[in-house]
Amino acid sequence: RYSLFYNRLKNIEENEGGLDKFSKSYKTFGVNQFVDGGVYCKEWAPGAEAVFLTGDFNGWNPFSHPYKKMEYGKWELFIPPGQDGYPPVPHGSKLKVVIRAQNGELLYRISPWARYVVRDEDKVNYDWVHWNPPQLYIHKHPSPKRLKSLRIYESHVGIASPEGKVASYKNFTYNVLPRIKDLGYNCVQLMAIMEHAYYASFGYQVTSFFAASSRYGTPDDLKEMIDVAHSMGITVLLDVVHSHASKNSEDGLNKFDGTDSCFFHSGPKGTHQLWDSRLFDYANWEVLRFLLSNLRMWIEDYRFDGFRFDGVTSMLYHHHGIGTGFSGDYNEYFGLHVDEDALCYLMLANHMINFLHPECITIAEDVSGMPALCRPVAEGGGGFDYRLAMAIPDKWIQIIKELKDEDWNMGNIVHTLTNRRYEEKYIAYAESHDQALVGDKTLAFRLMDAEMYTNMSVLSPLTPVIDRGIQLHKMIRLITHALGGESYLNFMGNEFGHPEWLDFPRKGNNESYHYARRQFNLTEDHLLRYRFLNAFDRDMNKLEERFGWLASPPAYVSEKHESNKVIAFERAGLIFIFNFHPFQSYVDYRVVIWHSSLIVIFKYKILLDSDAAEYGGHQRLDHSTEYFSEEYPHNYRPNSVMV
């Protein structure tokens, strides 16, 4: 694998003048304004017989501005400035690339490199709009330094409002970012930013890879949003989709040059069976240029601080993970079923990012557990910084759905939370957007279900279902946060147990926005119990910020007691004790401390208590109590403490 990567990199160095120049192609491809007022246009359309540019600037004459055919399927066009010196293609004017296909048909296409596309309300397809404002947005604040502990707030701009509408970048900037900061998250991961024609695809059917979604506002609005996040010390990651592309041809990449290949594999190999989308040909030189330039554009133009790569499992294997289970056997990760070209692209992408922007972070969404995916490329690894611990949310769903509280297996929970490869960093999460989507249930809804509609008011009786649901919601999140990985992620709204599910407007729900919103207002109503969960999530993050357990070595688990339903472990100098028993509390309970000094006596105090009144608990613990270590052997360690 490293040999394949090295050879590709060497070819780029020898034939393209280096990775820096190769990945900067976003400055020359598409339609670009030059200092002298002229416009330089460049496209890659290997299957085209002829290429033209048309639009508002030439009265939509399809043939007046032909491109010149170059080597390797490239086409170029230079439009000189007007007699008055003004740009020949004004800012805000609509454009189309006209392709004469091999069969003679004229195809009106959006450039794959288009920076801004919009859709009028009365139209189905998007229009390409030339974005070249007279005053470019100037970033005022530097990016935050690379974080040791990532506390990620997974977000979707369009649903980030209690109102039933598509919310805006401006709304997120001034209403949501302060909330994220207050909750103690230091990183926001933005979904559905790359333009996608179908809103209900959650941003995963991308049509324009270089365009920020216009349904939320302008490119400058997004730049301002990122700039304000940086002023708050918040790192901003982009959910990037390079695993597949929408099948749209009128306003997407599909059949751009009139063939079924171009950016994709031809025939069945180029179509994802389940997603009904197109699959990139990662061995193609121009596809590598396109995708690497895409990453660089988002970093350098918008100032994103890194990426979460979506659908990595689909990229890694020719079977795309369809109908395939992964047990951890190494034969599953090495063989002809692995798409080495796709893996090589990921190595190139991570190498480029680390070489040009070492402060940036990359995350892999891989369910297969590919070994060394998060080790440096120089070691033959994939080069990612983190991978998502995707088994953890599945485990919580399974035990809540299938087991009674008294049947929960403590050892199995601990195994799932700690089962990760040494020195590969994992992002732990109890639930993400996947669990919030229609057809699934959030943890809060699984725990409390229909009673959330009637008994979340403090004026109503605290029923056993609501009481147990609130307590488990807090405990599940804290144990996942503290034991499950080297970073933590939460999907917006789930921190306070957002009711119901997430469903975008579509024909199946009469185009309703009722479920495509986040009711942040629920946490501001002091008569509702959602504020308890919100407060606990905030203080949990603030405690991690203070002690940094995510950046500390893995925890030492001293107890996983099946009959007592107790889990105890130590990390970053803190002792975490969880009692999952449905009805049994304990007094004089002895737990191990890691320190083995016979001279020093350690004093402990309660820092975070899920049973505290401000978190909707029953106040059964006295926070003024001090606990002292003893030279008393317990669970094979010499010292312990009684709590």
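**Strands, barrel and salt bridges in a predicted model**

In this predicted model, strand 19 (residues 386–388) and strand 20 (residues 426–428) lie side by side in the parallel sense, paired over 2 bridges. Within this pairing, L388 has I427 of strand 20 as its bridge partner. Strand 20 is also joined to strand 21 by 2 bridges, and these strands run parallel. Here A428 stands opposite Y488 in strand 21.

These pairings belong to a closed barrel of 8 strands, which runs 10-11-14-17-18-19-20-21 with parallel pairing. From one strand to the next, the twist averages 30 degrees. Strand 10 (residues 150–156) pairs with strand 21 in the parallel sense over 5 bridges, and the bridge partner of L150 in strand 21 is S487. A UniProt record, an unreviewed entry, places the feature "domain: Glycosyl hydrolase family 13 catalytic" at residues 163–537. That span is 33% helix and 11% strand, and its end C-alpha atoms lie 24 Å apart.

Strand 21 (residues 487–491) deserves a separate look. Of its 5 residues, 5 are buried, so the strand is largely enclosed by the rest of the structure. S487, L489 and F491 point one way, Y488 and N490 point the other way, and all are buried. In a regular strand, side chains alternate between the two faces of the sheet.

Strand 27 (residues 627–630) shows another arrangement. Strand 27 has pairing partners in strand 26 and strand 28. Strand 26 (residues 603–604) is joined to strand 27 by 2 bridges, and the two run antiparallel; K603 stands opposite F628. Strand 28 (residues 640–642) pairs with strand 27 in the antiparallel sense, again over 2 bridges. In this second pairing, V641 of strand 28 is the bridge partner of S629.

Side chains of opposite charge can pair when their charged atoms come close. A search of the whole structure finds 39 salt bridges. One of them joins the side chains of R375 and E423, at 4.0 Å from N to O. R375 lies in the loop between strand 18 (361–364) and strand 19, and E423 in the loop between helix 9 (410–418) and strand 20, so the pair ties together parts that are 48 residues apart in sequence. R375 counts as partly exposed because its relative accessibility is 23%, and E423 counts as partly exposed at 48%.

The side chains of R468 and D405 meet in a salt bridge of 2.7 Å, N to O. R468 is buried, because its relative accessible area of 18% falls under the 20% cut-off.

R477 forms a salt bridge with D537, and the closest N and O atoms are 3.8 Å apart. R477 lies in helix 12 and D537 in helix 13 (residues 530–547), so this pair ties together parts that are 60 residues apart in sequence. Both R477 and D537 are buried. Elsewhere, E16, K74, E286 and R289 are linked in a network of salt bridges.

Key. Residues are numbered from 1 along each chain as its sequence is written. This is a predicted model: local features need pLDDT of at least 70, side-chain atom pairs count only at pLDDT 80 or more; totals for chains, interfaces and linings use all residues. Side-chain values use heavy atoms; hydrogens and water are left out. UniProt positions are given in the numbering used here, feature names are shortened, and annotations may be inferred rather than shown by experiment. Helices (H or I, at least four residues) and strands (E, at least two) are DSSP runs, numbered from the N terminus. Two strands pair if DSSP finds at least two bridges between them. Axes are lines fitted to C-alpha atoms, for helices over the stretch in contact, and angles run from 0 to 180 degrees between N-to-C directions. Buried means under 20% relative accessible area, exposed over 50%, partly exposed in between (1.4 Å probe, protein chains only).
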